[in-house]
Amino acid sequence: MTNDNLIHYIYGIADNSLILGQRISELCGHGPTLETDIALTNIALDLLGQTRSYYKYVAELSPKDISEDDVAFLRTEREYKNVLLVEQPNTDFAYVIVRQYFFDVFHFMLLKELENSKNVNFQAIAKKSLKEVSYHKRFSGDWLKRLGDGTEESKLKAQQAVNDLWVYTDELFHMTANDKKVAEAGYGVDTTTLKVPYYETITALLKEATLDIPDTKYFQKGGKNGIHTEHMGYILSDMQYMQRTYPDMKW
Amino acid sequence: MKNQGKKNVRDEQMKSLEEIFEAKIARDEKIEPKDWMPEKYRKTHIRQISQHAHSEIVGMLPEGNWITRAPSLRRKVALLAKVQDEAGHGLYLYSACETLGISREELYDQLHSGKAKYSSIFNYPTLTWADIGAIGWLVDGAAIINQVPLCSTSFGPYARAMVRVCKEESFHQRQGYEIMMTLCNGTQEQKDMAQDALDRWWWPALMMLGPTDDESTHTEQSMKWKLKRKTNDELRQQFIDQTVPQADILGLKVPDEDLKYNNETGHYDFGEIDWEEFWQVVKGHGMCNKERISARKNAWDNGEWVRDAAVAYADKQAEKDVKEAV
Amino acid sequence: MSKKNWPLWEVFVRSKNGLEHRHFGSLHAPDADMALKNARDVYTRRSEGVSIWVVESKNIKASNPDDNGEMFEPAADKAYRHPTFYELPDDIEHM
């Protein structure tokens with residue numbers, strides 16, 4: 001178990017929080033009501049806060065003299081290891097909620113396991129994040145029920161979002177060679193064990209929300225290996241704009 | 001004749017009610033929503049509080065423009081939290097306004113149709129990261145000067161909302177000044193960026209404190225109702241006096257050739273404000289008037305199906321509860 | 001405009017155990033569950049609370065200020081309800 005193994009393992013977790021946090025931040029000021037706007041921003045702030053804890057740890061582990069911001073802003077697209085799900089756009093409020101719920105359920109299960117990691121930093125971050133994510137899961141789940149079992153229009157929109165985003169769920173449970181190594185050493189989580197309970201949970205909620213479960217057998221993948229969707233380049237050009245335009249400055 | 005007599009009696013009664021009302025305010029007693037109040041008091045408060053609320057939520061947009069591009073994670077979360085606070089402040093103020101018998105939806109309609117005004121400064125564009133610093137430092141600085149006296153205004157719900165707003169806002173100006181400070185301690189390129197932002201935001205910030213006293217229509221009445229404690233010109237002088245030394249510390253030059261400390265008055269003398277520009281922006285000819293309103297309107301219109309879904313769901317649940325009870 | 005708008009709720013927050021719930025403000029929400037969540041996000045962002053109550057505003061019955069005379073003034077001359085009404089020697093203790 002080298003520091004490098006750990007660093008790459010962290011990318012696989014923390015980049016999800018960063019990119020989803022970035023995506024939700026785009027909505028600040030544009031929510032369907034002020035109350036919902038404020039709630040979504042709280043979720044973004046939680047995710048970005050988690051990201052900072054992980055990246056600070058990466059900076060500690062790294063042999064180079066780097067900061068959390070170097071980790072966040074100065075990698076190339078291939079070096080970001082977030083799943084494809086979190087980079088999907090804010091097409092409408094249904095996509096925002098479904099993406100959030102699909103991620104939150106996984107995120108919660110992952111952190112529950114990570115709390116038992118042999119690594120004390122992972123334990124600490126997981127412990128703190130669990131409270132936040134447990135609220136996110138409730139928020140997105142409650143909204144999904146309202147959209148699914150709301151009006152005709154909201155049901156259609158929610159179903160569309162479920163159908164479109166479903167294909168990105170399987171990737172949540174992919175393990176890279178490095179993930180396996182870190183999990184076997186007792187530091188990381190074997191996410192393959194989460195798959196069955198994950199689908200049980202989201203299937204139950206989708207049913208409660210009177211939505212259909214897609215029967216897709218083909219799933220999209222790639223993010224965990226750095227192969228992203230076309231959206232990722234735009235996310236990064238936005239996010240990295242300042243660092244790329246004005247290299248080596250303090251802000 | 002008989003009717004005329006009745007009307008006179010009514011006018012007399014009204015006059016004495018108003019006198020009691022004004023005396024109450026003069027004694028520093030608060031007016032609460034269900035208390036009797038002159039129609040003009042109600043209308044003026046709806047106008048001022050809603051303008052204030054609109055300014056908060058339109059004000060989210062120019063800063064929101066830089067959230068996704070914030071240059072560090074620390075700056076990103078601080079900016080997000082700040083813009084989120086502005087949503088909260090809008091919410092507190094709309095709620096205060098609603099106690100006067102108008103709904104948030106009606107207030108939004110006024111904003112979206114262009115009937116209601118909001119602070120003109122938010123119609124200027126945010127072009128660089130330094131603008132986020134300048135807005136926090138100058139725009140929030142000017143806002144604080146306007147807002148602190150409102151914590152003791154006569155209308156209870158407005159005063160209480162302002163106490164909360166002022167308490168939360170204390171980090172906003174510091175956030176902006178820290179950004180400016182970092183730029184001014186940075187490279188030449190960063191210093192230039194900071195100076196450029198000051199050049200563009202200085203005059204609009206001065207205008208933000210309102211037209212000169214001889215042009216200002218509501219001042220006397222507003223003073224009586226404690227919607228205003230000082231005149232626009234006094235507030236502007238206070239803002240300049242406290243901000244110029246802050247610019248000096250940054251090593252930035254305030255873009256006013258006539259700016260000079262006056263030893264006799266103990267205040268800064270300053271140059272002519274371009275009021276023509278101010279009125280043009282108020283009338284809708286600023287760089288971003290259209291974008292700002294359409295962004296607000298889109299958020300609301302695109303959210304309609306979401307709000308309807310939640311109401312429909314709530315109705316279904318309530319029906320279920322009734323059935324279960326039976 | 002929405003066919004049916006979200007109703008208004010009043011939010012009461014207990015700042016810490018031992019203190020009463022205090023009126024913090026109001027907000028709009030489609031139902032009680034959402035009202036609670038929104039209240040958490042709107043009114044306790046800076047750790048202002050440990051417990052929240054929400055009540056739909058229309059369920060609050062408020063007294064009318066026009067009746068303040070008959071409602072509250074009759075209590076004003078009942079000084080005998082207050083300890084200072086009773087005259088006791090200055091040197092008496094534990095009372």
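A polar contact is a pair of N or O atoms within 3.5 Å, where, within protein, one atom must be able to donate a hydrogen and the other to accept it. In this predicted model, that rule finds 14 residue pairs in polar contact across the interface of chain B and chain A, both residues being at pLDDT 80 or more. The elements that give two or more residues to the side of chain B that touches chain A are α2, α3, α4, α6, α7, α11 and α12 of chain B, and the largest share of that side, 14 residues, comes from α3(B). Sorted by class, the side of chain B that touches chain A holds 28 nonpolar, 10 polar and 11 charged residues.

Taken as a whole, the contact draws 49 residues from chain B and 48 residues from chain A. Between them the two chains bury about 4100 Å², with 69% of that area on carbon and sulfur atoms; in chain B, Leu73(B), Trp305(B) and Tyr313(B) lose the most area to chain A, together 20% of what that side buries. There are 2 salt bridges between chain B and chain A, and the side chains of Arg104(B) and Glu35(A) meet in a salt bridge at 2.7 Å, N to O.

Within chain B, the axes of helix α6 (residues 156-184) and helix α7 (residues 188-208) come within 7 Å and cross at roughly 140°, and α6(B) and α7(B) are therefore oblique to each other. Met180(B), Leu183(B) and Cys184(B) of α6(B) make this contact with Gln190(B), Lys191(B) and Ala194(B) of α7(B), a set that divides into 4 nonpolar, 1 polar and 1 charged.

Methods
Residues are numbered from 1 along each chain as its sequence is written. Chains are lettered from A and ligands numbered from 1 in the order in which they are written. This is a predicted model: local features need pLDDT of at least 70, side-chain atom pairs count only at pLDDT 80 or more; totals for chains, interfaces and linings use all residues. Side-chain values use heavy atoms; hydrogens and water are left out. Axes are lines fitted to C-alpha atoms, for helices over the stretch in contact, and angles run from 0 to 180 degrees between N-to-C directions. Helices (H or I, at least four residues) and strands (E, at least two) are DSSP runs, numbered from the N terminus. Angles under 35 degrees count as roughly parallel, over 145 as roughly antiparallel, 65 to 115 as roughly perpendicular and the rest as oblique. Contact means heavy atoms within 4.5 Å. Ala, Val, Leu, Ile, Met, Phe, Trp, Tyr, Cys and Pro count as nonpolar, Asp, Glu, Lys and Arg as charged, and the others, Gly among them, as polar. Buried area is the accessible area (1.4 Å probe) that two parts lose on being put together, summed over both. A salt bridge is a side-chain nitrogen of Lys or Arg within 4 Å of a carboxyl oxygen of Asp or Glu. A polar contact is a pair of N or O atoms within 3.5 Å; within protein, one must be able to donate a hydrogen and the other to accept it, and residues adjacent in sequence count only if both atoms are side-chain atoms.
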